Every structure is written in structure tokens, then in C-alpha cells.
Amino acid sequence: ENGELFVLDPATLAIVATFAVAARFLALDPAGRLLAGQRDIQRIDWSTGKVEASIEVNDPETTKRFVPLPDGRLAHVFTGGGLRLLTLGEGGAEGTTEVVHGTRHVKSLLAVSPDGRFAVTTMADQPQTYLAVTRPELVVWDLSSRERVTEIDLGSASDRPNVATFTPDGATLIVATERGVIASFAWSPPG
């Protein structure tokens with residue numbers, strides 16, 4: 001719950017700032033501002049350590065993974081499944097939430113395209129059991145239309161995707177799995 005965030009000088013590794021912020025996940029937004037997630041997601045001013053904007057999430061598991069979009073919103077998967085877009089509340093105002101897909105079958109957010117138009121999540125058709133493991137699929141979502149654009153079957157029920165990223169041009173998705181397999185998938189965005 002309580003913690004400190006240390007900012008280090010990359011050349012000397014000396015601590016240049018310390019903030020009283022509990023964070024389970026950190027990211028930088030497109031403007032280089034610090035985002036920290038715990039029970040809420042906050043944008044923190046580097047120079048003062050003060051919270052500039054935030055949104056209450058009330059679920060520490062969900063704040064482990066969020067991705068800043070070029071327009072300032074955050075793509076985010078919440079416990080129980082579902083993909084949301086979050087907007088931080090400025091100056092004490094309450095943030096907003098837009099549901100892209102509210103199913104429990106959305107498992108995790110892996111990547112967002114460089115232009116912020118598309119998000120990649122893992123999906124499973126049914127919950128895992130000890131007797132049957134579902135085959136994960138990757139789903140590419142259009143964040144504007146809130147529609148599935150394409151699905152990618154990884155082909156193995158026993159290998160799960162860990163991380164993914166788009167190439168800078170957004171035309172290829174690269175996926176690394178739990179077993180260390182790295183695969184690339186070329187795809188063409190619609191329109």
C-alpha cells in the first residue's frame with residue numbers, strides 16, 4: 001500500500017528524486033509524463049512528485065497492465081476480463097471509463113499499435129481447468145469501433161503468449177510465448 005518511487009540518474013545510478021507513491025506498474029505517456037498504478041492510476045509530476053491526474057480503479061491486479069495511447073487515454077484490461085479505455089481526471093476531476101469489450105474472456109492486454117488505433121488481447125473460449133486447457137487466441141481490436149479486427153490462433157493449447165509488440169510501422173505483430181517461442185504475424189489494418 002505504501003511505498004516509495006525512486007528516480008535514478010541513468011549515467012550514475014544516483015537517486016535524483018524520491019516520491020511517496022505506491023506503484024505496482026509504471027509507464028510513461030507519449031509526452032514523457034510518469035504514470036503509476038496501484039489501486040488507481042496516477043500521472044505524477046516529475047519535478048514535484050505531486051499527482052496531476054488520476055482515475056480510481058480499485059483493483060490492484062488491473063493496474064499491473066495498462067498501455068498509454070497517443071491521445072492520452074489508457075488501454076486497460078480489468079480483473080474478470082474486459083478491455084476498457086480510461087481517461088485520467090485532471091485537477092481532481094473524476095476520470096472516465098469506456099468499455100471496448102466487457103467479456104470475461106478477455107485475459108490480458110499485450111500490445112497497442114504505434115498509432116493507438118488497435119489493441120491486442122489474449123482470449124480464451126472457456127475457463128481453464130486441470131483437465132482441459134483452452135487454446136489461446138490473440139484478438140486485434142479496433143479501439144474506435146470497439147470491434148474485433150482479426151483473430152490469430154497460436155496453434156498450441158500448451159503455449160501461452162507472454163508479451164507482444166507491433167513493429168514501428170504497425171504492419172507486423174511480434175509475439176513471445178511462455179515456452180520462449182517468438183513468432184511474427186503480418187496483418188493489414190482495415191480501411
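This is a predicted model: local features need pLDDT of at least 70, side-chain atom pairs count only at pLDDT 80 or more; totals for chains, interfaces and linings use all residues.

Student: Okay. Which residues form a nonpolar patch on the surface?

Tutor: Phe6, Leu8, Leu13 and Ile15 do. Together they have about 400 Å² of accessible area.

Student: Where is leucine 13 placed?

Tutor: In a loop. Leucine 13 sits between strand E1 (5–8) and strand E2 (15–19).

Student: Is leucine 13 buried or exposed?

Tutor: Exposed. Its relative accessible area is 59%, and the cut-off for exposed is over 50%.

Student: New topic: sheets. What is the order of the strands in the open sheet of five?

Tutor: The order is E3-E4-E5-E6-E10, and the pairing is antiparallel.

Student: Which strands stand at the edges there?

Tutor: Strand E3 (25–28) and strand E10 (89–90). Each has a single partner strand, so one side of each lacks a neighbour in the sheet.

Student: How many bridges pair strand E6 with E10?

Tutor: Two, in the antiparallel sense; E6 covers residues 51–56. For a spot to look at, find serine 54: it stands opposite glycine 89 in E10.

Student: And the open sheet of three strands, what's its order?

Tutor: E16-E17-E18, with antiparallel pairing. Strand E16 (161–166) and strand E18 (182–186) are at the edges. Each of these has a single partner strand, so one of its sides has no neighbour in the sheet.

Student: How many degrees are neighbouring strands of this sheet turned against each other?

Tutor: On average 20°, with direction ignored.

Student: What joins strand E17 to E18?

Tutor: Five bridges. E17 spans residues 172–177, and the two strands run antiparallel. Isoleucine 174 has serine 184 in E18 as its bridge partner.

Student: What do E14 and E15 form?

Tutor: A hairpin, with four residues between the strands. Strand E14 (residues 137–142) pairs with strand E15 (residues 147–153) over six bridges, in the antiparallel sense. Valine 140 stands opposite threonine 150 in E15.

Student: What about arginine 146 in the turn?

Tutor: Arginine 146 has a positive phi of about 65°.

Student: Last topic, the rings. How many aromatic pairs does a search of the whole structure find?

Tutor: Two. Phenylalanine 118 and tryptophan 187 make an edge-to-face pair, 5.0 Å centre to centre with 90° between the planes.

Student: Which parts does that pair tie together?

Tutor: Phenylalanine 118 is in strand E13 (residues 118–123), and tryptophan 187 is in the segment after E18. So the pair ties together parts 69 residues apart in sequence.

Student: Are those two buried or exposed?

Tutor: Buried. Phenylalanine 118 is at 2% relative accessibility, and tryptophan 187 is at 11%. Buried means under 20%, so both qualify.

Student: And why is the pair of phenylalanine 166 and tryptophan 187 called tilted?

Tutor: Because their planes are at 50°; their ring centres are 6.1 Å apart. This pair links distant parts of the chain too: phenylalanine 166 is in strand E16 and tryptophan 187 in the segment after E18, 21 residues apart. Phenylalanine 166 is buried as well.

Student: What do the ring pairs link together?

Tutor: A cluster of Phe118, Phe166 and Trp187.

Key:
Residues are numbered from 1 along each chain as its sequence is written. Side-chain values use heavy atoms; hydrogens and water are left out. Patches are made of residues with over 30% relative accessible area and no salt bridge: like charges are joined within 9 Å, nonpolar side chains (Val, Leu, Ile, Met, Phe, Trp, Tyr) within 5 Å. Accessible areas come from the Shrake-Rupley method with a 1.4 Å probe; for residues, only the protein chains shown count as cover. A salt bridge is a side-chain nitrogen of Lys or Arg within 4 Å of a carboxyl oxygen of Asp or Glu. Buried means under 20% relative accessible area, exposed over 50%, partly exposed in between (1.4 Å probe, protein chains only). Two strands pair if DSSP finds at least two bridges between them. Axes are lines fitted to C-alpha atoms, for helices over the stretch in contact, and angles run from 0 to 180 degrees between N-to-C directions. Rings of Phe, Tyr and Trp (its six-membered ring) pair if their centres lie within 6.5 Å; planes under 30 degrees apart count as stacked, over 60 as edge-to-face and the rest as tilted.
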